[in-house]
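Reader: I would like to go through the labels attached to this model and see what each one rests on. Please give the cut-off whenever a term comes up.

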Amino acid sequence: MKNVCLLGSTGSIGVSTLDVIRLNKNAYRVVALTANKNIGRLLEQCIEFKPTYAVVPDAELADAFRGKLERSDACETQVLSGMDSLEFVAKHSMTDIVVAAIVGAVGLLSTLAAAKAGKTILLANKESLVVSGDLLMSVVKQNGATLLPLDSEHNALFQCMPDAYKAGQRAEGVRKLILTASGGPFLNLNASELDNVTVEQACAHPNWSMGHKISVDSATMMNKGLELIEASYLFDMPAELIDVLIHPQSIVHSMIDYVDGSVLAQLGNPDMRTPIAHALAWPKRHESGVSALDFLVNNQLTFESASYEKFPCLRLAYEALDAKGTAPAILNAANEVAVEAFLAKELAFTGISTLIEQVLSITTVSPADSIESVLSADAQARQVAKNCLENG
């Protein structure tokens with residue numbers, strides 16, 4: 001039985017992970033659950049899975065949650081709080097598998113802690129690689145950690161790699177990586193029609209059920225831009241050897257073009273439980289709860305190029321990856337501020353890419369050779385983005 005520490009248990013990835021664990025109770029024990037502010041859902045999860053630890057952001061919330069747990073009288077979970085506690089459960093000796101599903105750059109330090117402790121890391125927090133790709137991959141290799149991607153696209157690429165492949169290696173015979181994208185809710189709109197789209201429209205993804213931030217990233221295609229950067233570090237491939245194709249059906253999750261002319265693709269219904277089950281069981285397989293793909297129903301698979309005019313965030317991501325250093329961290333930080341402003345209805349949808357480009361043009365790019373330099377670039381970019389918002 002493997003002991004699982006689930007960082008970000010109340011989000012969509014966390015809930016799906018617990019669905020898979022529920023189907024395979026004899027294979028996993030949940031030892032730690034962490035959440036941001038949804039302590040109602042966290043309480044339900046603690047009562048069901050009875051983890052040793054639960055982590056929330058601050059001491060005040062921890063006190064409130066501790067009281068709820070005591071009144072339930074259903075488990076003896078120890079409640080902790082703060083960033084240090086996230087790192088504590090991620091590197092704990094009882095932890096075998098760390099599911100890194102915290103959204104945003106805030107998940108970086110706990111992911112690094114798990115890597116330094118040599119854990120098996122199931123990575124859904126793409127920002128950890130975007131913000132500090134070289135640093136994280138170096139720590140993974142130095143400490144004998146195992147990194148398995150949970151994003152459906154990167155998990156698909158991983159499944160199509162040669163036998164015994166390990167993340168961070170350049171696989172022999174691979175000519176090109178092909179990431180697929182649904183195109184989001186605005187695929188059939190012209191660029192000129194995007195100025196007045198609403199938060200509700202941006203969050204209404206046609207194929208996937210996701211949180212608001214990731215849904216907006218999908219609508220701008222920054223999600224694919226971040227995945228492009230992530231793929232470059234995960235598979236040691238330069239930007240020019242990674243293509244993005246729009247595939248509205250979300251059935252082909254990504255492909256690898258090999259030098260002999262073969263193209264290997266991973267297909268499946270759009271359900272995150274499939275990559276989660278694959279990574280949890282790797283190198284074996286077990287039940288995910290996802291229905292089998294019906295080719296007679298899903299009998300039209302189409303592909304098209306992604307327009308930089310409509311999706312400038314994708315262009316910005318390619319440029320940041322080419323610039324290297326702290327440029328991806330700056331891109332990510334600016335995007336997080338921009339999306340937060342859009343969700344608060346303080347910024348137009350098309351203003352997201354405009355703000356990110358502003359921040360990239362103002363903020364100095366430096367080598368990303370330490371956690372301090374990465375965090376400094378992140379903080380600086382956030383401040384620049386907020387200044388740009390305040391000054392119009």
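Author: Contact means heavy atoms within 4.5 Å. Helices (H or I, at least four residues) and strands (E, at least two) are DSSP runs numbered from the N terminus. The model is predicted, so local features need pLDDT of at least 70 and side-chain atom pairs count only at pLDDT 80 or more, while totals for chains, interfaces and linings use all residues. Residues are numbered from 1 along each chain as its sequence is written, and side-chain values use heavy atoms, with hydrogens and water left out.

Reader: What makes α11 largely enclosed by the rest of the structure?

Author: Buried means under 20% relative accessible area, exposed over 50%, and partly exposed in between (1.4 Å probe, protein chains only). In α11, 7 of the 9 residues are buried, so the helix is largely enclosed. The buried residues are P275, I276, A277, H278, A279, L280 and A281. They pack against the helices α1 (12–23) and α7, and against the strands β2 (28–34), β5 (97–100), β6 (120–123) and β7 (146–149).

Reader: Why is V216 called buried?

Author: V216 has a relative accessible area of 0%, and the limit is under 20%, so V216 is buried. This residue lies in helix α9 (residues 212–220). Leaving aside neighbours within four places in sequence, V216 is in contact with A202, C203, V339, F342, L343 and I352.

Reader: Why is L301 called partly exposed?

Author: The relative accessibility of L301 is 32%, which falls between 20% and 50%, so L301 counts as partly exposed. L301 sits in the loop between α11 (273–281) and β12 (304–305).

Reader: Which residues make the nonpolar surface patch, and what makes a patch?

Author: L267, F295, L301 and F303 make a nonpolar patch of about 340 Å². Patches are made of residues with over 30% relative accessible area and no salt bridge; like charges are joined within 9 Å, and nonpolar side chains (Val, Leu, Ile, Met, Phe, Trp, Tyr) within 5 Å. At 32%, L301 passes the limit of over 30%. Accessible areas come from the Shrake-Rupley method with a 1.4 Å probe; for residues, only the protein chains shown count as cover.

Reader: Where is the cis peptide bond?

Author: The cis bond joins W282 and P283, with omega about 10 degrees. P283 lies in the loop between α11 and β12.

Reader: How do you know how much area is buried between domain 1 and domain 2?

Author: Domain bounds come from an automatic or database domain assignment, which gives domain 1 (2–149) and domain 2 (167–268 + 306–391). The contact takes 21 residues from domain 1 and 24 residues from domain 2. Buried area is the accessible area (1.4 Å probe) that two parts lose on being put together, summed over both. Here that area is about 1800 Å², with 71% given by carbon and sulfur atoms. K126, V130 and V131 supply 32% of the area that domain 1 buries against domain 2, more than any other three residues.

Key
Salt bridge = Lys/Arg side-chain N within 4 Å of Asp/Glu carboxyl O.
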